Amino acid sequence: MATKKRVFKRIEKGLYNPSLREYWELYGKDFSKIIRDLSVQRKGVWSKSKQQEYFTDVAIGNADNNPLHYVDLQSSIDAARKLSDHGYAKHLQGLADGGAIQSHLDGGNRTDSIVFTLGDIIPLAKGTYDYGVTDQGKHIFFELEEDTFFKDLDKDFREIILEQKVSINVYFGLSKIMRKKLFKKLNDGIPLNDPEKRNCEESDICSKIRELDLQYSDLFQSAGVLTPAGTERWKLSEHIAKLIFAKRNIVVSDSNTIAVKWASSRDIDSDYVAGSTADIGIDYEIKFLETNFIKLLKIFKRENFKFLEKNVWTDYWLVKCYMDKKDIRLIHPVSQEKEIEFAKMFAEKSLEFMADNSKDYTLKYTKGKPVYGNFEQLYTKNRDDVLTQRLERWVSEFINPLVKEEKTLVQVTKRTVITRKVRADVFMKQEGKTTISGKEIHPLKLHEHDVDHREALRNGGADEKYNLFYENPSDNRKKSAKKDDINPLVG
């Protein structure tokens, strides 16, 4: 019986050993020719001192055994299109549209070190650069007493550096699957964590969350949401994905039964697939995140505010998600002062909760039996059942009393559908004139006028016919502008 042989496809690549002079001619004069592809690069960028340390090895010829790995973009775009991998092709084409001919697969920090040093962005580190002894017995070395930019080096020193070689592997026609496998192989020295493994997806949700990660990493640390270790190696991306998942999947029934779902690795993998529900709706979710969470982080950073426990931020996010589900808003007009006051009230209530010693909460199950503890102990884990218990207490003891009090929060009632009859009734009630300016409403131009609530729903106004009025659009905008022009939120 014949046995079937397993066939391994050979990766097409070219190995090059250019001198630094040749390398600079090809890449250095135009930085855009080679580009960082963040979908396969680690998040970390080397510090200046680490870049200098690497280039010191390059300058004395000790880098030719440590290849840089680049992807040829055009051949890989063509291969992706042949395989009908349109998402991957679109992603690579986006890199090429900026003028790049190759992207980093591995060695982005090393590439930066070379280009930044030869381009006089960072200086060569001080020290002794020893090139050994020539056949004629002459000892060649250069001494730098201080960090010095390349252009300011002795001419002979510059020339000998430019003679040193680097090794480059360029991969052609690299499919997405082969790129994943190769990237994993090249990084076996430091195993990839889960966020790094899924970071190679080309979906909108993956790339846009990655942009938030790069933009707000320091902000999440300074506001106390995550520790420095919690934001490294794309872990912040993972946290943001979990926040967005929780908002999308929170369940609040008509009877106010609450269920929170916190994303597992499998859930995030599903969300990161191009064309998933999460991928399609990511722009709305990011807008909600920036408006209801990140704006407050900026205030916390500026004022040096901190919650006592970092997971209180998770509670704050869940409360905001619950309020969105139930159409609960801060009393209009919303100002920065109101946002800060709400956060202060939230912090005070969290301290009250954590100081409570009553053991009314299920922490876990051991051999099928519940283990009870106090509220503060719920902050050790972010599980569905634990988060649900936390949110339930926030709703019953914080949100509901504030809504009932109607001084800080208001629940907006569902808007009534404005039918033809309602429009006709409102027109007759106003006797054909607007209420703000008294302008006549032409019966054939009703479509040009707004039917609006005199007392805004967000300010506690009723969604009843007596609160509905026809207004001229310009008058209505002026009315809203006056109400909104009170300490608007700033980023």
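Mentor: Let's start with aspartate 327, which is partly exposed, with a relative accessible area of 33%.

Trainee: What makes aspartate 327 partly exposed?

Mentor: Buried means under 20% relative accessible area, exposed means over 50%, and partly exposed is in between, with a 1.4 Å probe and protein chains only. Aspartate 327 has 33%, so it counts as partly exposed. Before we go on: this is a predicted model, where local features need pLDDT of at least 70 and side-chain atom pairs count only at pLDDT 80 or more, while totals for chains, interfaces and linings use all residues. Residues are numbered from 1 along each chain as its sequence is written, and side-chain values use heavy atoms, with hydrogens and water left out.

Trainee: Where is aspartate 327 found, and what is its phi?

Mentor: Aspartate 327 is in the loop between α14 (312-325) and β10. Its phi is positive, about 55°, although aspartate 327 is not a glycine. Aspartate 120 also has a positive phi, near 60°, and it too is a residue other than glycine. You'll find aspartate 120 in the loop between α5 and β5 (127-133).

Trainee: Why is aspartate 120 called partly exposed?

Mentor: Aspartate 120 has a relative accessible area of 26%, so it falls in the partly exposed class.

Trainee: And alanine 125, is that buried or exposed?

Mentor: Alanine 125 has 15% relative accessibility, so it counts as buried. Alanine 125 is in the loop between α5 and β5. Leaving aside neighbours within four places in sequence, alanine 125 is in contact (heavy atoms within 4.5 Å) with Gln52, Thr56, Leu144 and Asp147.

Trainee: What does asparagine 17 touch?

Mentor: Not counting residues up to four places away in sequence, asparagine 17 touches Asp64, Lys165, Val166 and Ser167. Asparagine 17 is 151 residues from isoleucine 168 in sequence, yet their C-alpha atoms are 6.4 Å apart in space. Asparagine 17 is in the loop between β1 (13-16) and α1, and at 40% relative accessible area it is partly exposed.

Trainee: How many helices and strands does the chain have?

Mentor: The protein chain has 18 helices and 15 strands. Those are DSSP runs numbered from the N terminus: helices are H or I with at least four residues, strands are E with at least two.

Trainee: How do you know what to call the arrangement of α1 and α5?

Mentor: Helix α1 (residues 20-28) and helix α5 (residues 108-118) pack at an angle of about 90°, with their axes 11 Å apart. Axes are lines fitted to C-alpha atoms, for helices over the stretch in contact, and angles run from 0 to 180 degrees between N-to-C directions. Under 35 degrees is roughly parallel, over 145 roughly antiparallel, 65 to 115 roughly perpendicular and the rest oblique. That is why α1 and α5 count as roughly perpendicular. In this contact, Leu20, Tyr23 and Trp24 in α1 meet Thr111, Ile114, Val115 and Leu118 in α5. The residues divide into 6 nonpolar, 1 polar and no charged; Ala, Val, Leu, Ile, Met, Phe, Trp, Tyr, Cys and Pro count as nonpolar, Asp, Glu, Lys and Arg as charged, and the others, Gly among them, as polar.

Trainee: What makes α13 roughly perpendicular to α15?

Mentor: The axes of helix α13 (residues 282-303) and α15 come within 11 Å and cross at roughly 80°. That angle makes α13 roughly perpendicular to α15. On the α13 side the contact is made by Leu296, Ile299, Phe300 and Arg302, and on the α15 side by Gln336, Glu339, Ile340 and Ala343.

Trainee: What is the peptide bond from histidine 332 to proline 333?

Mentor: That bond is cis, with omega near 0°. Proline 333 is in the loop between β10 (328-330) and α15 (336-355).

Trainee: How much of the chain counts as buried?

Mentor: Of its 491 residues, 46% count as buried.
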